[in-house]
Amino acid sequence: MPDSTSGRTLRLADGRSLGYAVGGDPNGRPLFFFHGFPGSRLQAHVLYEAASRSRASVISLDRPGFGLSDYKRGRRINDWPSDVAEAADALEIDRFAVAGFSGGGPYALACAQSIPQRLTGVAAISSIAPLDGPGVAASLTRRARTFLRIARYTPLTSALSLYWLERQARRNPERLIARLAARSPPADGALLRRPEVMTALADDLREAFRTGTRGPNWDLGMLSRPWGFRVEEIPVRVHLWHGDADTLVPSAAAHYLAGAIPDCDARFYADEGHFLILDRERAKQIMAALSSG
């Protein structure tokens with residue numbers, strides 16, 4: 001069960017609840033973390049140790065329809081910065097860093113484009129890229145391309161697939177993670193099999209589907225469509241981390257982002273995969289970069 005720091009909510013101006021968790025150094029520099037897909041605020045647990053050492057406070061938000069956050073009909077990726085800014089105001093935080101992992105990457109980039117004046121740092125970790133970027137869609141597996149196409153054009157069909165995933169996540173999330181580890185590159189497999197990682201990700205997967213599949217299905221559809229802003233217009237520096245052995249989000253996505261974002265500090269790792277954020281040394285590097293601006 002979530003404790004007092006991992007199961008909080010705040011009320012937004014439109015009446016929605018926004019779920020969040022807090023970890024790291026409670027008196028440290030604030031960082032808002034945006035989970036991957038599927039995921040929840042609990043995913044930020046992997047950064048807490050590094051955050052404490054870097055004197056950073058991590059505030060991890062559930063996107064609408066995930067975890068403790070209410071669903072928002074018709075939302076867009078570039079609506080998210082308003083939610084983040086409102087959460088920061090409610091928590092009496094003026095300026096802050098943002099970091100997005102995997103499917104959370106676009107949301108960090110949306111903040112970089114929309115509210116740059118409030119940001120002290122931006123990180124995109126194993127982030128997806130706009131599918132209309134050169135070479136991005138072609139780099140995906142045929143199965144991934146098909147699934148994203150279904151999510152974009154026939155969301156009812158993708159909802160059925162997510163319903164199956166939800167049932168598995170509720171019954172035995174450890175089995176899902178073990179299957180993912182078995183078909184992952186060696187670096188990812190080793191990380192995913194660590195007992196503490198398995199436990200944390202199982203809790204996160206259950207929480208992602210706390211209120212069903214409606215939020216995740218809408219999120220997936222948005223990730224498959226144009227994002228509503230151009231990464232070429234981001235006015236602040238973005239730190240980017242990506243493993244060249246990533247099979248879930250091939251590094252072509254990150255190479256596109258690195259070339260398109262005007263000021264991008266991109267770091268690629270030849271033998272690492274999608275879950276490099278789970279590596280303690282990488283987590284330390286991420287937190288150190290965000291602490292330096």
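These notebook entries record what I looked up in a predicted model.

**Ground rules**

I took residues as numbered from 1 along each chain as its sequence is written, and for side-chain values I used heavy atoms, with hydrogens and water left out. As the model is predicted, local features need pLDDT of at least 70 and side-chain atom pairs count only at pLDDT 80 or more, while totals for chains, interfaces and linings use all residues.

**Entry 1: the nonpolar cores**

I began with the nonpolar cores, each a set of buried Ala, Val, Leu, Ile, Met, Phe, Trp, Tyr and Cys residues joined through side-chain atoms within 4.5 Å. I took buried as under 20% relative accessible area, exposed as over 50% and partly exposed as in between, with a 1.4 Å probe and protein chains only. The largest core holds 45 residues, and the members that touch the most others are F32, F34, L61, F96, V98, L109 and V231. Helix α3 (residues 105–114) gives the largest share of this core, six residues. Helices (H or I, at least four residues) and strands (E, at least two) are DSSP runs, numbered from the N terminus. I also noted a second, separate core of 35 residues, which includes F33, A97, V197 and A202.

I then listed the contacts of F32, where contact means heavy atoms within 4.5 Å. With its neighbours within four places in sequence left aside, F32 is in contact with residues including I59, L61, V84, L91, I93, F96 and V98.

Which residues of helix α2 (residues 80–90) are buried? I found W80, P81, D83, V84, A85, A87 and A88. What covers them includes the strands β1 (8–11), β2 (17–24), β3 (29–34), β4 (56–61) and β5 (96–101), together with α3. After α2 comes E92, and its phi is positive, near 60°.

Helix α10 (residues 214–224) is mostly covered, with nine of its 11 residues buried. Among them are G215, P216, N217 and D219. The cover over the buried residues of α10 includes α3, α5 (142–153), α6 and α9 (195–208).

**Entry 2: pocket and cavity**

Next I turned to empty space. Rolling a probe the size of a water molecule over the atoms shows where such space is left. On a 1 Å grid over the protein atoms alone, a cavity is a set of points where a 1.4 Å probe fits but cannot get out, and a pocket is an open set with protein on both sides within 12 Å along at least five of seven lines; lining residues have an atom within 4 Å of a point. Grid points are joined across faces, edges and corners, and a volume is the space filled by probe spheres set on the points.

The largest pocket has a volume of about 1,600 Å³. Of its 44 lining residues, F37, P38, L180, R183 and L248 are the closest to its centre. The elements α5, α6, α7, α9 and α10 each give two or more residues to this lining. By class, I recorded 31 nonpolar, nine polar and four charged residues there. In this scheme Ala, Val, Leu, Ile, Met, Phe, Trp, Tyr, Cys and Pro count as nonpolar, Asp, Glu, Lys and Arg as charged, and the others, Gly among them, as polar.

How many cavities of 30 Å³ or more are there? The count comes to one. The largest cavity has a volume of about 40 Å³, and P64, K72, R75, R76, D79, W80 and D83 line it. Its lining has two nonpolar, no polar and five charged residues.

**Entry 3: single residues**

S184 is found in the loop between α7 (173–182) and α8 (186–192). Is S184 buried or exposed? S184 is buried, because its relative accessible area is 16%. The S184 side chain reaches the backbone oxygen of L180 at 2.5 Å, a polar contact (a pair of N or O atoms within 3.5 Å; within protein, one must be able to donate a hydrogen and the other to accept it, and residues adjacent in sequence count only if both atoms are side-chain atoms).

Q168 lies in helix α6 (residues 155–171) and counts as buried, because its relative accessibility is 16%. I placed L160 in helix α6 as well, but L160 counts as exposed at 58% relative accessibility.

P235 lies in the loop between α10 and β7 and is exposed at 54% relative accessibility. Neighbours within four places in sequence aside, P235 is in contact with A112, Q113 and P116.
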